[in-house]
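This briefing reviews the fold of a single chain and the way its elements pack together. Please consult the sequence and the model below alongside the points that follow.

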Amino acid sequence: MSNKLNQKHPGKRVQHKELAAGRWAKLTFVEQMANIGSEVERALNWKAKGNSDYARKAFERALELIDLTLEATRESCRLKEVARLRECLVDYFFGTNQFISDERLWRGYFSHFTYAARKNH
């Protein structure tokens, strides 16, 4: 794969090169969350189809976008929400699901951001 290494996180491959180069910080918080939701949706869809490899790859892209959001966010309430979101998603996809989340919860959570992002454009 021809992805560049992430300079802020050596050894980590960058999937969203243009976004990581600064374009991500120019998006509104709602647009960022809608984009994260798109990757989470892909991961959920692949998980439902039983393709764990594609689900993992989509989820890794979602984590990259979450990390970019954490780096771009300055408001503490949003930082807390995104950090908690990351924790809960990792628990759902790779942990013991101690927060008892499910596919329906995640689709519902992100659908609000997607709707708001589309409405503003």
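How many helices and how many strands are there in the chain? The model, which is predicted, has five helices and zero strands. Along the sequence, the pattern is α-α-α-α-α.

**Overall composition**

- The chain has 121 residues, of which 34% are buried.
- Of the contacts between residues at least 6 apart in sequence, 53% join residues at least 24 apart.

**Packing of H2 with H4**

- Helix H2 spans residues 29-48 and helix H4 spans residues 76-94; their axes come within 13 Å and cross at roughly 5°.
- Because angles under 35 degrees count as roughly parallel, H2 is roughly parallel to H4.
- On the H2 side, the contact is made by Phe29, Met33, Val40, Ala43, Leu44 and Lys47.
- On the H4 side, Arg78, Glu81, Val82, Leu85, Leu89, Tyr92 and Phe93 take part.
- By residue class, the contact of H2 with H4 comprises ten nonpolar residues, no polar residues and three charged residues.

**Packing of H3 with H4**

- Helix H3 covers residues 52-72, and its axis comes within 10 Å of that of H4, with a crossing angle of roughly 165°.
- Since angles over 145 degrees count as roughly antiparallel, H3 is roughly antiparallel to H4.
- The crossing of H3 and H4 is left-handed.
- H3 contributes Arg56, Phe59, Leu63, Ile66, Asp67, Thr69 and Leu70 to the contact.
- These residues meet Leu79, Val82, Ala83, Leu85, Arg86, Leu89, Val90, Phe93 and Phe94 of H4.
- The contact of H3 with H4 divides into twelve nonpolar residues, one polar residue and three charged residues.
- Val82, Leu85, Leu89 and Phe93 of H4 take part in the contact with H2 and also in the contact with H3.

**Helix H5**

- Helix H5, residues 103-119, contains 17 residues.
- The distance from the first C-alpha of H5 to its last is 24 Å, close to the 24 Å expected at 1.5 Å a residue.
- Which residues of H5 are buried? They are Trp106, Phe110, Phe113 and Ala117.
- An α-helix has 3.6 residues a turn, so residues three or four places apart point the same way.
- The buried residues of H5 pack against H2 and H4.

How values were computed. Residues numbered from 1 in each chain as written. Predicted model: local features only at pLDDT ≥ 70, side-chain atom pairs only at ≥ 80, totals over all residues. Heavy atoms only, no water. Axes fitted to C-alpha atoms, helices over the stretch in contact; angles between N-to-C directions. Helix = DSSP H or I, 4+ residues; strand = E, 2+ residues; numbered from the N terminus. Parallel < 35°, antiparallel > 145°, perpendicular 65-115°, else oblique. Contact = heavy atoms within 4.5 Å. Nonpolar A, V, L, I, M, F, W, Y, C, P; charged D, E, K, R; others polar. Expected span 1.5 Å × (residues − 1). Buried < 20%, exposed > 50% of the residue type's maximum accessible area, 1.4 Å probe, protein only. Left-handed = near helix turned anticlockwise from the far one by under 90°.
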